Amino acid sequence: MFTPQTSTILIVDDDRAMRLLLKLAIEVEGYTVIEAKDGEECLAKFAQHQPQMVLLDAVMPGMDGFTCCQCLRQQARQQSAIVANSPDSPGWEITELVEVPVLMITVLDDSDSVDRAFEAGATDYVTKPIHWAVLCQRVRRLLNAYWATMQLQAQIERERALTLQLEAANSELKRLATIDGLTGIANRRHFDEVLDHEWRRAIRDGQPFSLLLCDVDYFKAYNDACGHVMGDHCLEKVATILAHSVRRPGDLVARYGGEEFVVIMPNTPILGAQQIAERIQDQLAQAAIPHPQSFVASVITLSIGLLSIVPERAWSATEALKRADQMLYRAKTGGRNRICSTVQLFTLAPDVN
């Protein structure tokens, strides 16, 4: 584990003797030292070794320390952007870049040079001739601050990761709370919520609203003949057919209870709802799920009650559902394996008897 005492420091100075003196002073403190004789070598070794601090001479031939410091900061920001956009990125916004401290060493002690050092991105500066005790104290202070900031950032990122995991877990729990455990489609609770929401929106927007209530024909006889395990498989297959037959994102297929299913179709008039009901029947016929005890066919069939309405405030969603249930009852008493539909008009009061 890295600590301030195990830090690596990059010393940059064109004067070989000064580099040696700095190296000796720094190594006595227990740090690892890397040397560079000019700005170009500094940038290369910084990228290669990723030191935790840079001691940088301000006055050097070619690229001076001010320009080199600016390049170091730019290089670090570019590297941070690459990491943030990489496939291995943790998936949340990276906290603000923790900049490696740059301690500028300069013979220039005028205010313009000091301002220029800080504008270039220097963290602190010392002047030549160097007061070695002061230098070592500033190195310790800057490294302690750097590592404290790194630890704080790591803690923040751990907390962000935990927050994301918690949000994902909560989202999954909410999703599971809306799903029927057997069939994988929406459950009754979610259906009730969506029905109320879409019904209110249809009233507000004056849009048509259609509802299908579906019942698997003679399902008790199927269970008695094939067993409850096969009965569960049958319901799963029927639910899948229903889900694939309803293609608009705003529509909802849900398990209403037992062998009953319901389809909510917002902004859908009677003709569109009729087409969907017929598609369901066709897809179910093509699936040809054997039903050895059916009195209407040799395969699984559905009776479907269809209600299409432009809701008004005089009606409730519950009343609309009851009217769809009436249509389903008519389909079942009329011979099953059929669609019975009604377009509700408001010239009559709602009939829910």
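## A parallel sheet

M104 stands opposite Y125 in β5. Strand β4 (residues 102-106) and β5 pair in the parallel sense over 4 bridges. Two strands pair if DSSP finds at least two bridges between them. The strands and helices themselves are DSSP runs, numbered from the N terminus: helices are H or I over at least four residues, and strands are E over at least two.

This is a predicted model, in which local features need pLDDT of at least 70, side-chain atom pairs count only at pLDDT 80 or more, and totals for chains, interfaces and linings use all residues. Residues are numbered from 1 along each chain as its sequence is written, and side-chain values use heavy atoms, with hydrogens and water left out.

Angles here run from 0 to 180 degrees between N-to-C directions, and axes are lines fitted to C-alpha atoms, for helices over the stretch in contact.

Contact means heavy atoms within 4.5 Å.

## Strand β1

Strand β1 (residues 8-12) is mostly covered: 5 of its 5 residues are buried. Buried means under 20% relative accessible area, exposed means over 50%, and partly exposed lies in between (1.4 Å probe, protein chains only). Both faces of β1 are covered. T8, L10 and V12 lie on one side, I9 and I11 on the other, and all are buried.

β1 pairs with strand β2 (residues 32-36) in the parallel sense over 5 bridges. There, I9 stands opposite V33 in β2. The chain crosses from β1 through helix α1 (residues 16-28) to β2, and this β-α-β crossover is right-handed. That term means that, with the strands pointing away from the viewer, the path from the first strand over the helix to the second runs clockwise. β1 also runs parallel to strand β3 (residues 53-57), joined by 4 bridges. V12 stands opposite L56 in β3.

## A mixed sheet

Another open sheet of 5 strands has the order β7-β8-β6-β9-β10. Its pairing is mixed. The edge strands are β7 (252-257) and β10 (339-344), and each pairs on one side only. The twist averages 20° from one strand to the next.

Strand β6 (residues 209-216) and strand β8 (residues 260-266) pair in the antiparallel sense over 7 bridges. The bridge partner of D215 is E260 in β8. Helix α8 (residues 228-245) packs on the sheet and touches β6, β7, β8 and β9 (302-309). The direction of α8 makes about 10° with that of β8. Helix α10 (residues 317-333) also packs on the sheet, touching β6, β7, β8, β9 and β10. The direction of α10 makes about 145° with that of β9.

## A buried loop residue

T183 lies in the loop between α5 (132-177) and α6 (188-205). Is T183 buried or exposed? T183 counts as buried because its relative accessibility is 12%.

A polar contact of 2.7 Å joins the side chains of T183 and D180. Such a contact is a pair of N or O atoms within 3.5 Å; within protein, one must be able to donate a hydrogen and the other to accept it, and residues adjacent in sequence count only if both atoms are side-chain atoms. Leaving aside neighbours within four places in sequence, T183 is in contact with L235, E236, A239, R255 and F261.

## Backbone notes

A cis peptide bond joins K128 and P129, with omega about -5°. P129 lies in the loop between β5 and α5.

Y218 is not a glycine, although its phi is positive, at about 50°. Y218 lies in the loop between β6 and α7 (219-226). With a relative accessible area of 23%, Y218 is partly exposed. N337 also has a positive phi of about 50° and is not a glycine. N337 lies in the loop between α10 and β10. At 34% relative accessibility, N337 counts as partly exposed.
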